[in-house]
Amino acid sequence: MGDYAGFAASLLRLREYSSKHRISTYEYGLTSLDALRAILIGEFTEAERLAGRALEIGEEQGDLATGVYGVQMFTIRREQGRLAEVAPLFRRFLDENPRDKAWRPGFAVIASDLGFIEAARKAFAEIAADGFAFPADAKRSLTLSYLAEVCTHLSDALEAERLYEQLLPYRDNAVLAPMATVCCGASGRYLGMLAGVIGEWSVAEEHFEAALEIDERLHAWPWLAHTKHEFALTLTARGRLADRGRAEALFAAAAASAERIGMPALHQKIRSRRH
């Protein structure tokens, strides 16, 4: 696992090489990478501009560019607390493409985030019934991360065990969608969440500690805020008096980051808990 400085330096070198040799075919990938970087560090307004620009440049890429743009905008809108804007589009797409399972985890996340628990439960159960049978491709970790969040929200301990085993090989990695799409921070956060659902408190704590370090190194500020929030929730659920101070400090740090970056959905979750 590298760090943000290495990533930024590599991106700069690639852009300089492209400019020096006038390789126009690199422009789509570079612009999409710029959008990925902006999402990673929480510059969502700039990320939206860059994602739109990449879509324009990548017009010849067809479905590829459209798919990358869709995932980037889904990620941005989710952190902005604006998932309700894209939910009808997801629902229509799934209705029109009933055999396309690639977007079902995204719909399950939308339903879960917006409070449509029965819809989330139904979608999650359908995916689980297939044995979480997703291709072993580069976007697998992102798909599993979506399902880990829904599973945690549903407190489904049985499926949490199955998902945990599938995510475990990614424990030292970041969740990264290919073709310069998105990086959603450390995989350890999702493993920690699932371990908490199962009641493996010490294991969960180890995963969260590792995730805090990775998110910090990546400058993954939105995801670091989420890691702190989920870690605090897990410490609270463990119910030990000794954890209270750490949990409150993590809640406070997550809230401060959410307010600074512009993550109203996360900020509201933390406020609702306190009230």
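Phe74 counts as buried because its relative accessibility is 4%, and buried means under 20% relative accessible area, exposed over 50% and partly exposed in between (1.4 Å probe, protein chains only). This is a predicted model: local features need pLDDT of at least 70, side-chain atom pairs count only at pLDDT 80 or more, and totals for chains, interfaces and linings use all residues. Residues are numbered from 1 along each chain as its sequence is written, and side-chain values use heavy atoms, with hydrogens and water left out.

**Aromatic pairs**

- The whole structure holds four aromatic pairs. Rings of Phe, Tyr and Trp (its six-membered ring) pair if their centres lie within 6.5 Å; planes under 30 degrees apart count as stacked, over 60 as edge-to-face and the rest as tilted.
- One of the pairs joins Phe74 and Tyr146: the ring centres are 5.6 Å apart and the planes stand at 70 degrees, so the pair is edge-to-face.
- Phe74 lies in helix 4 (residues 63-79) and Tyr146 in helix 8 (residues 140-154), so the pair ties together parts 72 residues apart in sequence. Helices (H or I, at least four residues) are DSSP runs, numbered from the N terminus.
- Tyr146 is buried too, at a relative accessible area of 11%.
- Phe124 and Phe132 form a tilted pair, 5.9 Å centre to centre with 50 degrees between the planes. Both residues are buried.

**Helix packing**

- Helix 2 (residues 27-41) packs against helix 12 at about 35 degrees, with the axes 4 Å apart. Axes are lines fitted to C-alpha atoms, for helices over the stretch in contact, and angles run from 0 to 180 degrees between N-to-C directions.
- Ile39, Leu40 and Ile41 of helix 2 meet Trp221, Pro222 and Trp223 of helix 12. Contact means heavy atoms within 4.5 Å.
- The residues of this contact are six nonpolar, no polar and no charged.

**Cavity**

- There is one cavity of 30 Å³ or more. A cavity is a set of points on a 1 Å grid over the protein atoms alone where a 1.4 Å probe fits but cannot get out; lining residues have an atom within 4 Å of a point.
- The largest cavity has a volume of about 30 Å³.
- Its lining is Trp201, Ala204, Glu205, Phe231, Thr234, Leu235 and Arg238.
- Helix 11 (201-218) and helix 12 (221-238) each supply at least two lining residues. Helix 12 gives the largest share, four residues.
- The lining divides into four nonpolar, one polar and two charged residues.

Note on methods:
1 Å grid on protein atoms, 1.4 Å probe; cavity = no way out; pocket = protein on both sides within 12 Å on 5 of 7 lines; lining within 4 Å. Points joined across faces, edges and corners; volume = space filled by probe spheres on them. Nonpolar A, V, L, I, M, F, W, Y, C, P; charged D, E, K, R; others polar.
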